[in-house]
Amino acid sequence: MKKDQLLKSIADTAYNVGFGGRKHWATYDIVDKVPGLIGFLSTAFGIFALIYDKLSEKSLSAAFIVFGLIALYITFYEPNKSSYAASANKLTTLFNALRDLYRTVQSHPNDDVGVYVDQLHLIEKDYYDTCISKQILFSDWYAHYKFFWQYQIDWLDEQKQFKLFRDKLPLSFMFWMVVFLGGVGVYVARHWNS
């Protein structure tokens with residue numbers, strides 16, 4: 001393998017490792033924070049519903065029952081929460097090792113990079129051994145935010161050249177945004193003519 005090919009391979013692996021780490025952090029964050037947020041909002045809503053009759057409508061009450069079910073769904077991940085944090089920490093360490101390996105190979109004077117190929121394969125093995133395959137719903141969307149908007153990936157962008165709509169926004173998010181905006185458009189059109 002030549003130096004430029006190895007740099008591309010390191011970048012490909014680093015993307016998988018870095019995004020995987022952010023996905024594990026996303027699952028951890030959702031499991032750790034969302035049930036408490038739902039509990040707080042539900043309690044606050046219940047208190048205000050005692051004062052304001054309009055908050056006692058069936059549709060709002062049904063919405064909060066759905067939020068309660070979401071919190072219940074999230075609690076299924078609670079027993080493994082620390083495993084997600086441990087895996088995320090390990091993947092972050094591997095991502096940083098890949099960054100250092102990338103810079104080492106980049107500054108290497110020639111194409112004699114065989115020893116670095118072996119290091120890449122060791123990191124890849126650690127990556128596969130560390131990942132947890134079951135992630136919570138919407139962790140992918142949150143991971144996109146964490147990876148592309150919070151994480152330092154300039155060195156990775158040298159090779160990958162990320163695009164906004166191709167890489168930085170999840171395809172499923174864009175699909176649901178189109179559906180939502182279409183629904184809003186239909187709603188406005190119907191009420192505009194009435």
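Q: What needs pLDDT of at least 70 here?
A: Local features do, as this is a predicted model; side-chain atom pairs count only at pLDDT 80 or more, while totals for chains, interfaces and linings use all residues. Residues are numbered from 1 along each chain as its sequence is written, and side-chain values use heavy atoms, without hydrogens and water.

Q: How many residues are in the largest nonpolar core?
A: It has 29 residues. A nonpolar core is a set of buried Ala, Val, Leu, Ile, Met, Phe, Trp, Tyr and Cys residues joined through side-chain atoms within 4.5 Å. Buried means under 20% relative accessible area, exposed over 50%, partly exposed in between (1.4 Å probe, protein chains only).

Q: Which residues have the most contacts inside it?
A: Phe95, Phe147 and Leu156.

Q: Which elements give two or more residues to this core?
A: H1, H3, H4, H5 and H6 do. H1 gives the most, with eight residues. Helices (H or I, at least four residues) are DSSP runs, numbered from the N terminus.

Q: What is Phe147 in contact with, leaving aside neighbours within four places in sequence?
A: Tyr15, Gly18, Phe19, Arg22, Phe95, Ile153, Leu156 and Phe162. Contact means heavy atoms within 4.5 Å.

Q: New topic. Is Thr130 buried or exposed?
A: Thr130 counts as buried, at 13% relative accessibility. Thr130 is found in helix H4 (residues 114-130).

Q: And what touches Thr130?
A: Beyond neighbours within four places in sequence, Thr130 is in contact with His24, Ser87, Lys90, Leu91 and Leu94.
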